[in-house]
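The following note concerns the helix packing and the pockets of the structure shown below.

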Amino acid sequence: MENRNRILKLCVTGLMAALAYVAFTYLQIKIPTPGGYTSFHLGNTFDVLASLLLGGWLGGAAGALGMGIGDLLDPVYVTTAPKTIILKLGIGLITGLAAHKAFRIQTLSGKKMTRAAFLSSAAGMAFNCIGEPLFGYFYTAVILGAPADAAKALAGWNAITTCTNAVLTVIIASLLYLALYPRLKTNGTLQKIGPHYGSSEHTETSAKAA
């Protein structure tokens with residue numbers, strides 16, 4: 001049974017990586033700047049959704065893999081693939097930490113679960129809103145050797161597109177999770193793919209039943 005659960009987690013991780021790749025590659029609007037390209041895209045949606053479902057490590061790995069491959073296969077972004085992999089893994093880890101360590105989201109229901117989904121998604125994207133411009137400037141100026149003015153211009157545009165992407169991601173990923181949650185929990189899939197919290201996992205359910 002444990003091996004089956006591992007295979008299921010691997011399959012869901014692969015699915016989320018594929019969806020992140022498709023959303024990042026095909027649901028994207030590129031914007032040229034003096035320091036390179038930035039873009040509006042929906043790839044982060046499946047990074048965050050995967051982290052809500054699977055936990056931070058697997059969710060972050062799915063986002064990093066999907067969007068990292070997206071960069072490697074795009075001549076415009078191929079040089080920024082390492083930055084993308086690091087930041088997308090970070091999004092997953094922060095989202096998963098909030099969802100499964102702070103809120104224990106799988107033990108919640110109703111408004112508490114809705115609040116946890118939105119706040120956890122927002123935590124991951126807040127990290128990205130800060131990390132993308134700052135780390136992006138360092139990466140462009142120091143690693144790629146771009147002129148400081150060009151790196152600053154790209155960082156400024158990145159801040160705009162990243163915050164826009166963040167708002168869309170928080171809304172879409174949270175709504176997708178809330179839509180999937182009841183069915184996945186009812187058929188037992190959520191318990192198989194999500195983190196296990198130990199004996200306190202069903203605390204809220206038991207308290208309500210009592």
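1. The axes of α1 and α3 come within 7 Å and cross at roughly 40 degrees. The two helices α1 and α3 are therefore oblique to each other, and the crossing of α1 with α3 is right-handed. It should be noted that the model is predicted.

2. On the α1 side, the contact with α3 is made by K9, T13, M16, A17, A20, Y21, F24 and T25. Their counterparts in α3 are L58, A62, G63, L65, G66, M67, I69, G70 and D71. Sorted by class, this contact of α1 with α3 holds 10 nonpolar, five polar and two charged residues.

3. A further contact joins α1 (residues 2–26) to α2 (residues 43–54), whose axes come within 7 Å and cross at roughly 160 degrees. Because angles over 145 degrees count as roughly antiparallel, α1 is described as roughly antiparallel to α2. The crossing of α1 and α2 is right-handed.

4. Helix α1 contributes K9, V12, T13, M16, L19, A20, A23 and F24 to the contact with α2, while α2 contributes G43, F46, L49, A50 and L54. The residues of this contact of α1 with α2 comprise 10 nonpolar, two polar and one charged.

5. Two or more lining residues come from each of β2 (36–41), α4 (81–102), α5 (110–143) and α6 (148–186). The class division of the lining of the largest pocket is six nonpolar, 15 polar and four charged residues.

6. For the second largest pocket, the volume is about 260 Å³. Among its 14 lining residues, G55, G56, H100, K101 and P195 are the closest to the centre. The elements that give two or more residues to the lining of the second largest pocket are α3 (56–72) and α4. Which element gives the most to the lining of the second largest pocket? That element is α4, with five residues.

7. By class, the lining of the second largest pocket consists of seven nonpolar, five polar and two charged residues.

Conventions:
Residues are numbered from 1 along each chain as its sequence is written. This is a predicted model: local features need pLDDT of at least 70, side-chain atom pairs count only at pLDDT 80 or more; totals for chains, interfaces and linings use all residues. Side-chain values use heavy atoms; hydrogens and water are left out. Helices (H or I, at least four residues) and strands (E, at least two) are DSSP runs, numbered from the N terminus. Ala, Val, Leu, Ile, Met, Phe, Trp, Tyr, Cys and Pro count as nonpolar, Asp, Glu, Lys and Arg as charged, and the others, Gly among them, as polar. On a 1 Å grid over the protein atoms alone, a cavity is a set of points where a 1.4 Å probe fits but cannot get out, and a pocket is an open set with protein on both sides within 12 Å along at least five of seven lines; lining residues have an atom within 4 Å of a point. Grid points are joined across faces, edges and corners, and a volume is the space filled by probe spheres set on the points. Axes are lines fitted to C-alpha atoms, for helices over the stretch in contact, and angles run from 0 to 180 degrees between N-to-C directions. Angles under 35 degrees count as roughly parallel, over 145 as roughly antiparallel, 65 to 115 as roughly perpendicular and the rest as oblique. A crossing is left-handed if the near helix is turned anticlockwise from the far one by less than a right angle, and right-handed if clockwise. Contact means heavy atoms within 4.5 Å.
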